[in-house]
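I opened this entry to look up the pockets and what lines them. The annotated stretch comes after that.

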Amino acid sequence: MAEERRRRKREEEEEEEEAEEWERRKRGRRKRRKRRRRRGGEEDPVDVLGEEVMGRVMELLDARSVARCTAVSRAWRGVAADDRLWAPKCAELMAGKAHIPRLTMIPTASKLSTYSMAIADGKRTRITKEDLCDHDWEFRFTIAAPEYWRNLDPSWKHTGPPMRRYFHPDGYHSADPHDAVWGGHECTYTIITSFAGNGCIRDHYVRINRWPPMKVSRKEDWSWELSNHLYRYNSIPDTDKKGCTGPLFPVW
């Protein structure tokens with residue numbers, strides 16, 4: 001009962017804040033109209049059409065165009081940066097993606113900021129320990145692997161699904177029980193990143209024990225691939241994972 005009262009109180013406070021913000025914007029529009037009339041200049045479309053109509057117009061624009069509208073003026077930014085406008089664009093952006101970045105769950109971030117951070121994270125090719133540990137991985141041999149190895153891979157023989165691998169925060173690397181390739185041997189992993197003199201990444205790869213390094217790549221659906229000439233790892237989609245995945249703060 002007490003929780004319900006607190007919830008209602010929060011909703012009432014939010015409604016009061018929205019009403020105050022609306023009144024503040026109306027007063028600002030009136031002042032801008034008066035100044036333009038005195039100067040004899042053209043009126044701002046936000047003042048002529050109103051914020052609600054301008055918001056409906058911006059709903060028809062793509063995300064890049066709406067983001068540019070935020071730089072026109074303070075009045076335009078008030079419409080173009082509205083969470084109600086960006087919430088469906090965020091949902092559209094993340095539909096069909098293999099992984100949802102954890103940094104999109106920051107509760108204090110605006111929807112515009114969430115969209116921008118998601119775009120930036122989707123282009124990131126520097127993998128972190130959080131990325132490795134948050135996902136399950138499919139393991140497959142390549143055509144260059146010895147035939148004996150490929151015969152142990154059920155995905156090559158079409159007798160079963162690909163084998164799976166798991167990364168753990170303590171640096172341990174494991175597989176499913178009774179994995180024919182794994183054989184129960186102990187495995188550890190390392191993420192290697194080197195930088196050039198100008199601060200750009202020169203080399204970035206993941207290595208399992210002393211096996212050949214695996215280069216890191218990112219796909220359009222934001223999934224990861226680790227690969228070398230013998231085998232490759234692919235992250236398994238997990239968009240429904242609670243708390244999402246990856247680092248909480250931006251990594252470039």
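**Pocket notes**

I first looked at which domains meet at the largest pocket, and found that domain 1 (1-39) and domain 2 (42-81) each give at least three residues to its lining, the domain bounds coming from an automatic or database domain assignment. I note that this is a predicted model, in which local features need pLDDT of at least 70 and side-chain atom pairs count only at pLDDT 80 or more, while totals for chains, interfaces and linings use all residues. Residues are numbered from 1 along each chain as its sequence is written, and side-chain values use heavy atoms, with hydrogens and water left out.

For the term itself I wrote down that a pocket is an open set of points on a 1 Å grid over the protein atoms alone, where a 1.4 Å probe fits, with protein on both sides within 12 Å along at least five of seven lines, and that lining residues have an atom within 4 Å of a point.

I looked up the lining of the largest pocket and found 20 residues, with Arg25, Gly78, Asp82, Asp83 and Arg84 nearest the centre. By class, eleven of the lining residues are charged, six nonpolar and three polar, with Asp, Glu, Lys and Arg counted as charged and Gly among the polar ones.

I then turned to the second largest pocket, which has 15 lining residues, Phe139, Phe141, Val181, His185 and Trp211 lying nearest its centre. Its lining divides into twelve nonpolar residues, two polar and one charged.

Last, I checked the record: UniProt, in an unreviewed entry, places "domain: F-box" at residues 51-87, and such annotations may be inferred rather than shown by experiment.
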